[in-house]
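Subject: Handover of a structure

Hello,

Here is the structure I said I would pass on. My notes on what was found in it follow below.

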Amino acid sequence: MTQSINTPVISATIFYFDCEYSAKTSKKVLSILEKYDMFPPSKIHIGKLTKNRFVFANDKTPDLFIQGYCEKDVFGIDMASGDSKTTPEYWRVDWGFTYYKNSRLTGSCKFKPWNTLTIQSTHGRLQNEVIEQNYISCIKDLIELLQPFYVSIDDLQNKLWIMEKANETHFAPGKVRTVYWGNYFGEDYCKLFDTSLLFCLPVHMIERINGGVFFTLSDSVLKYKGLSIDQLRNQIEKQLF
């Protein structure tokens with residue numbers, strides 16, 4: 001789905017491993033999305049299951065969503081509540097599966113690749129406090145379920161600026177060098193970093209989830225930028241990296 005670069009969007013990306021691609025996982029993800037009003041979508045793309053194009057959602061969409069995660073040769077599910085070109089405020093879910101998925105399903109791949117689940121919402125939607133709280137709660141519930149090794153939450157354009165500033169052209173596990181408005185370091189990352197330092201820093205909120213650490217830099221995801229936020233981000237990066 002084409003996204004307008006002029007529409008301010010908050011983007012959360014969940015990086016996690018999965019070697020089974022079970023329907024149990026997609027059913028639970030679907031349940032969480034439904035709980036926080038991020039399903040059903042207006043349109044959805046599930047590779048060959050929707051003939052490689054976006055289709056309008058119908059009563060078969062939940063079953064196709066569940067099937068898409070398990071189906072061979074389906075490498076992603078992309079859906080949104082509206083078209084960014086015509087809908088001022090919308091949410092979007094983009095679930096990307098590794099191209100090693102087929103070999104994982106047949107048992108021929110020993111490599112352990114990762115998948116990404118990206119949850120986006122326009123700034124306008126998140127100006128409603130309840131919707132913003134639901135957005136963060138949705139991500140935290142998905143962390144509980146998927147047990148990711150890393151999660152980042154920030155304004156999409158600000159994410160790109162932070163990555164460019166750090167000369168981080170792409171994400172590489174084990175080589176994280178940046179801090180965003182919202183961050184989750186899984187258990188493996190916590191072994192690499194002295195995360196006890198985080199509990200001494202003036203972050204807005206910090207908690208342990210699944211053996212990892214989740215923290216945010218301010219009381220609202222819309223307060224992702226500013227002098228105090230940039231200073232705090234730099235302080236944390238110096239402490240951890």
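The cut-offs are under 20% relative accessible area for buried and over 50% for exposed, with partly exposed in between (1.4 Å probe, protein chains only). The model is a predicted one, in which local features need pLDDT of at least 70 and side-chain atom pairs count only at pLDDT 80 or more, while totals for chains, interfaces and linings use all residues. Residues are numbered from 1 along each chain as its sequence is written, and side-chain values use heavy atoms, with hydrogens and water left out.

Backbone exceptions

Gln-147 is not a glycine, yet its phi is positive, at about 50°. This residue sits in the loop that runs between helix H5 (129–146) and strand S7. Helices (H or I, at least four residues) and strands (E, at least two) are DSSP runs, numbered from the N terminus. Asp-73, also not a glycine, has a positive phi of about 70°. Asp-73 belongs to the loop between H2 and S4, and its relative accessible area of 42% makes it partly exposed. The bond between Phe-39 and Pro-40 is a cis peptide bond, with omega at about 5°; Pro-40 is in the loop between helix H1 (23–35) and S2. For background, most residues other than glycine have a negative phi, and most peptide bonds are trans.

Two strands pair if DSSP finds at least two bridges between them.

Strand S5 (residues 91–96) is joined to strand S4 (residues 76–80) by 5 bridges. Gly-76 has Gly-96 as its bridge partner, and Ala-80 has Arg-92. S5 also pairs with strand S6 (residues 114–122), in the antiparallel sense, over 6 bridges; there Trp-91 is opposite Ser-121.

Strand S8 (residues 182–185) is covered on both faces: Gly-182 and Tyr-184 on one side are buried, as are Asn-183 and Phe-185 on the other. S8 is joined to strand S7 (residues 150–155) by 4 antiparallel bridges, and to strand S10 (residues 212–216) by 4 antiparallel bridges. Asn-183 is the bridge partner of Ser-152 and stands opposite Phe-215 in S10.

Aromatic rings

The whole structure holds 17 aromatic pairs. One of them is the stacked pair of Tyr-69 and Trp-95, at 4.5 Å centre to centre with 20° between the planes. Tyr-69 is in helix H2 and Trp-95 in strand S5, so this pair ties together parts that are 26 residues apart in sequence. Both residues of the pair, Tyr-69 and Trp-95, are buried. Trp-95 also forms an edge-to-face pair with Phe-97, at 5.4 Å centre to centre and 70° between the planes. Phe-97 has a relative accessible area of 5% and is therefore buried.

Rings of Phe, Tyr and Trp (its six-membered ring) pair if their centres lie within 6.5 Å; planes under 30 degrees apart count as stacked, over 60 as edge-to-face and the rest as tilted. Ring pairs also link a cluster of Phe-15, Phe-17, Trp-114, Phe-149, Tyr-150, Phe-185, Tyr-189 and Phe-215.

Two lysines sit over rings: Lys-101 over Tyr-21, 5.6 Å from the ring centre, and Lys-225 over Trp-161, at 3.9 Å. The criterion is NZ of Lys or CZ of Arg within 6 Å of the ring centre and within 35 degrees of the ring normal.

Cysteines

How many disulfides does a search of the whole structure find? The search finds 0, a disulfide being a pair of cysteine sulfur atoms within 2.5 Å. For Cys-138 the nearest cysteine sulfur is that of Cys-70, 19 Å away; Cys-138 is buried, at 0% relative accessibility. For Cys-200 the nearest is that of Cys-190, 14 Å away; Cys-200 is exposed, at 66%.

Regards
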